[in-house]
Amino acid sequence: MILQIILLIMLAYVVGFIYYGLYRNITARIQGRYGPTIYQSFYDSIKLFSKKESASFGWMFYLGPIIMATGSVLTLIFVPLFNDSDFLRSATSQGNLFLLLYLMVLGPLGNALAVGAGGNPFGVMGVVRGLTRLIGLELPFYIAVVGLIIAANSSDIVHIMDLQKTTGMNMLVHPFLFIAAMISMVGFFGASPFDIPGAPQEVYSGPRTEFSGKFLALLMSQGSIFAFAKLVLIVDLFLGGADSLWMLVLKTLAIFVTIIFIGIVYGRYKLEQAVDFLMKLPMLIGLIGLVRIIWFG
Amino acid sequence: MNSIFVLINLLFIGFFYQFGGDLHVSVALTKEFTFSLVQTPLGTFFAYLSLVSFLLVTIAQKSKEVSCNYYVLQLILNVAMFVIVLAGDFITFFIGWEIMTWSSYFIISKSQSIDIKSLQKYILFSLASAFSLIAGMVIVYSFTNSFDFSVISNSFGTIPFDMKVTIVVLFSLSFFTKAGVIGLHYWVVDTYSKAPDLFSSILSAVMSKMGIYGLLLVYGKLIGYDELRDMFGAVLNGTDFGYVLAWIGVATSIIATFKAITQDEVKRLLAYSSIAQLGYIIAVIGLGTSFGVAGALYHTLLHTVIKLLLFINVAAIVAQTGKNKFSELGGLIYRTPVSFVMLLIGIIALAGMPPLAGFASKFMIYNAAVDTKFALILVGMLFSGAASFLYCYKLVYGIYLGHPTSKELETQKEVPVSYLVPQVILSIILVALGAFPGAFIKVINPILKEFSLDTIAYDSLGIMNSAVGSFNGLFVMSGFATIFVVILLLVLRLKSKAKNNLNRFDISYCGEIPTEKTSLHYGYGFGTELYRIKFVNAILKRSSSHFYEALAIQTKKTSGLFSRMYYGNIHNTMIIILLFFSALFFIGVN
Amino acid sequence: MIDLASKLENISLELVEKNKRLYKVVVAIENLESLLLKFINEFGYITLDSMNYRDDIEDGVFTITYCLQTEKRDHIVMVQTSIVRENATLPSIHTIWPQAEIMEREMHEMLGVDFPGHPTLIDFALEHWQEMPPMRRDFDTLEFVNSLDPFRGQRDDNLDVKVEMKRLRAEKKALKLKAEQEENSKSEEGQEHE
Amino acid sequence: MEDGFHGSALKCKLEESGLVNTHAIMEKAVRWFQSRSIFVVAYGTGCGAIEMPPTFTSRYDAERMGVVGVATPRQADVIILSGYLAYKTLRRVIRTYEQMQRPRYVITLGSCPINGGMYWDSYNTIKKLDDYIPVDVYVNGCMPRPESVIEGFVLLQERIKNGEEAGWQKYDSNLEFYKENQKRVLGGNVDPSYESDWYNLGDGGIS
């Protein structure tokens, strides 16, 4: 199992970074630029890992990025990768969707502690923006997840995946829930219009303000791993999982590119605008789907 | 002196453990009324809860000199709660209830920061709850001719329907007031924040749980969940009654969460968060499923542990620094590292983060909502859970992280050991329960049997089972620890050396150099963003105080009306009394 | 148009009409404030555009000019006064015009004029300035600059411009002469052939 | 972190075998990666600030060479100083430079940082920037076009790749000299540089 976990982590690391390179490339092309190479994120992370020094404000600051990385790796472990294959299934079956929902927030909270210990007011402002945005951002996602759980009457992801073999993709069965979940996914990936926490024009690159060298590199790496985990989760919940690696890559890529195309064309909301928006339209869409499941499902 | 009372508490627990078994005391006060203690699994659970909490708080009181009669009052309160949770009939229950009210009243009045207004609030609401309790008792007695719980639970079905409803409403009101449901929480915040710092932990951790105990007693044992289902219809997979109660609980938890985020005083934030957490319990207590009751019990236990930990921690900090506002504290992490770690464990559990115990109870509560198909309830609970991260972070940031806001904070010592000992014990409990969430199922199952609900499957210590999924706490904990250590080792191995412990002013601050005068702590403005969000602002700007002030004014007016009758000339008074009695007479005749 | 000349004879000042819309009033430092107030209250010159200063080191005075404007921006009057350079002080007029506060701050920093009763006479553009105020004419900027931050040394292949110019001119001349001589010699040959 | 771990494990193995000098290879690889990814904090001093937006945006897309702008000095490798520096600005620039993490490089635009340019006799600007912080690449011209700015970046990348001695090493080796100059020009009010004890020794401490 350990070997499988290491394999999984490396897969997520590579795929996540290539996706981010793709993200930068597509953004550049849409802006009429040539853009960096697709491996640019590797270069960045290796460069940062090999910086001569990295500033640290004490042990809590040191441990924060590590907690965050731990949280995302743990999240990755609890997300089943393939349909009916026993790859890491022994580990995945130890958890459930509720556990995953809370694990996804564990890392950011750990990092928030480090930012607070760093003592940069801009960083803390970024964290507070992030947590406040979370209030609005989680709502449509929670509605979608709760809808799926109620529909499947189980919080076991594997069970939800298996159900889709008979009923078809949840994305088609519960379209409202899928739309709601996708809207909050845009925010989870830090894409516009919800990229409030790290807004460089306002809060000086937000929570990452004080992080340098290996800490920043660690944050970037775990970000890519976490992104992959989130994509796989969406694929499992709504796109009926994947049978092979290629299928998985294809489906995750589809989701990712959709999110890029949504994010690229928008400006940034203010904090209150973002939460207000998320509490109106996406929540309404999600509630429609939820009511459909409860009373007409 | 302190050690004596610690010893007394220890002996109390020891005796209860020794001679507990199935305790059955019954003393006849009159030929009607008896004073009887009957030990049930539910009562035993709550008894241990309160006894241990009192012991820990008494230990913490060592370094904070309090007078002898304070200790005595606390002991009386302890005994009173013991009587309440083991009471076999309503007389005993009510005696305990009254003693609890008054002894706690005297203890609160000993605080320096208390003012008469909050004292009046406290006593008025306690009396109101006591009155509605006694009204319910009397109605029950009038139909069953007995105060004994067993007799009542057997012959409850004979009561007519409207009286049943009245009884349920009266008891619910009484216990909701104690637990501080939103709307009836008017006394909670002031009392918690102005009570003696260590006694606030008792108020939040134990006394509010007496309300929960009362609810479980009434719904579960006296009336019975099946009876409730028959009385009120069924919706989805649950009962109407449970649905209404769940909405009350969810509203409580959401509103209180948002109120908590915007507080500047530490203990007010904790008070609101305790209201919010009790909202979770009340949301599932009426569902009538075994997971509902189990989740309520589990959350009761965890909330007691967490709130004891947090309140003791905050009390230590307040005693050490003399400051109780987020805008005045800050930057204590490297001065009081142990307290920081304790508080960290506390808030991680409070937020329900997986490696620690907090998640298990939340998981049970969510499952209860799932298998009754109360989807909106579930969404609401998840939502308030997400919002509660904000006040958890505010709690730890405002006190320990950021920058010290004043000179004396920079030269703080670690808090006294007597404060740390209970915190360490409690945090060990939290970690252990996080690794072994299944351990508590053994405690819950007998209580479920007592409520004639089907028990929960139990595989092993590590695994928490439910109808709609399970998780392995041991696996999560060990996995977290392993991965954390591995990554830590990797990072330590890296070439790039960390410039450790930079000067705290060496932050990237747009090229400027902050000094002591620069305000770098974000403790005060924290949470004011919420006022700009329309939906949240709509919640925040409302307050129950308007209603109660209006009520007070009306009461004054009516009482003034009555008094005018007597201050007027005697004839009018006589005439009015005459009319009154004649009216009674006619009613009696017809 | 207000006839300033007739209205202002009781105050000792000289009035110059530059054109129909622009007046210049030179007033003694004692009457400055009263005159400014008069301009606001009676003639409607309500705005202070700018405070300009000049260092007349020959007369040993600073000449300060207040430019006032009417509400409609159609008439300007320049109230000019002069103060002695040694520990010069001016009455602060930030109570009359708030915008004067920052102008006076600048003047204090650049010219070293003191404004009694001014709330914020702190650093304006310079930081921790120790020297003589830089806008005084007896402040030797070049010397100060060179002492603080001397010029970069010459490059190895550096050449003196004047010498080079001379050399180039000489070369040109030589070439010209050569050309002329060739011309002459050609013409001579031509004549011989005829 | 995996590659860091595996890389080092591999390194140990090969070192033992002694076949190849893996140290040099590792260094070379790391230098290459460093040259391929350059995080820039653009400090807009003077007129040259206007040349940076076109350099980084669609017209002359500097990101195609891995040159990206970042917001904070902590994350940056290169600081661009575009134009003349007043003493007031110099103080902030030194602070920003000392907050950057090694290896760190400086690129200046225009002739003002070289010899004061058209402000050579101003009472308020410095003439020679390299007295106060080490400069790696001068891009001269008044103002340099984005093409030449990009050329400067390419030059810097070449230097990093070849591992020539960079400015930050000079700064560390003769810190005394730089601090003396800074103190002279900033009138003894040198701000605390949190990385050397120089200012704690009495003269010109935390003012």
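**Entry 1**

I started with chain C, which splits into domain 1 (4-139) and domain 2 (160-189). I then took the centres of domain 1 and domain 2 of chain C over C-alpha atoms and found 62 Å between them. A reminder to myself: this is a predicted model.

Next I looked at where chain D meets chain C. I found 12 residues of chain D in contact with 13 residues of chain C. By class, the chain D side of this contact is made of four nonpolar, four polar and four charged residues.

**Entry 2: chain A against chain B**

I moved on to chains A and B, where 66 residues of chain A are in contact with 60 residues of chain B. Which elements of chain A each supply at least two residues of the side that touches chain B? I listed strand 1 (53-55), helix 3 (59-78), helix 5 (97-118), helix 6 (121-152), helix 11 (213-238) and helix 13 (271-296). Helix 6 of chain A gives the largest share of that side, with 16 residues. Sorting the chain A side by class, I got 39 nonpolar, 18 polar and nine charged residues.

For Ala55(A), I noted Lys499(B) as the bridge partner in strand 7 of chain B.

**Entry 3: helix 4 of chain B**

I checked the length of helix 4 (residues 90-109) of chain B. At 1.5 Å a residue, its 20 residues should span 28 Å, and the end C-alpha atoms are 28 Å apart, which agrees.

I then went through its buried residues, which include Phe90(B), Phe93(B), Gly96(B), Trp97(B), Met100(B), Ser104(B) and Ile108(B). What covers the buried residues of helix 4? In chain B, the cover includes strand 2 (34-38), helix 3 (68-86), helix 5 (116-144), helix 8 (186-194) and helix 9 (197-223).

**Entry 4: helix 9 of chain B**

Where is the kink in helix 9 of chain B centred? I placed it on Leu203(B), with an angle of about 35°.

Is the helix enclosed or open? I count 25 of the 27 residues of helix 9 as buried, so the rest of the structure largely encloses it. Just past the end of helix 9, I noted Gly224(B) with a positive phi of about 90°.

Methods. Residues are numbered from 1 along each chain as its sequence is written. Chains are lettered from A and ligands numbered from 1 in the order in which they are written. This is a predicted model: local features need pLDDT of at least 70, side-chain atom pairs count only at pLDDT 80 or more; totals for chains, interfaces and linings use all residues. Helices (H or I, at least four residues) and strands (E, at least two) are DSSP runs, numbered from the N terminus. The expected span of a helix is 1.5 Å times one less than its number of residues. A residue is buried if 20 or more other C-beta atoms lie within 10 Å of its own, exposed if 12 or fewer, and partly exposed in between; C-beta atoms are placed from the backbone. Two residues are in contact if their C-beta atoms, placed from the backbone, lie within 7 Å. Domain bounds come from an automatic or database domain assignment. Ala, Val, Leu, Ile, Met, Phe, Trp, Tyr, Cys and Pro count as nonpolar, Asp, Glu, Lys and Arg as charged, and the others, Gly among them, as polar. Two strands pair if DSSP finds at least two bridges between them. The bend at a residue is the angle between axes fitted to the seven residues ending there and the seven starting there.
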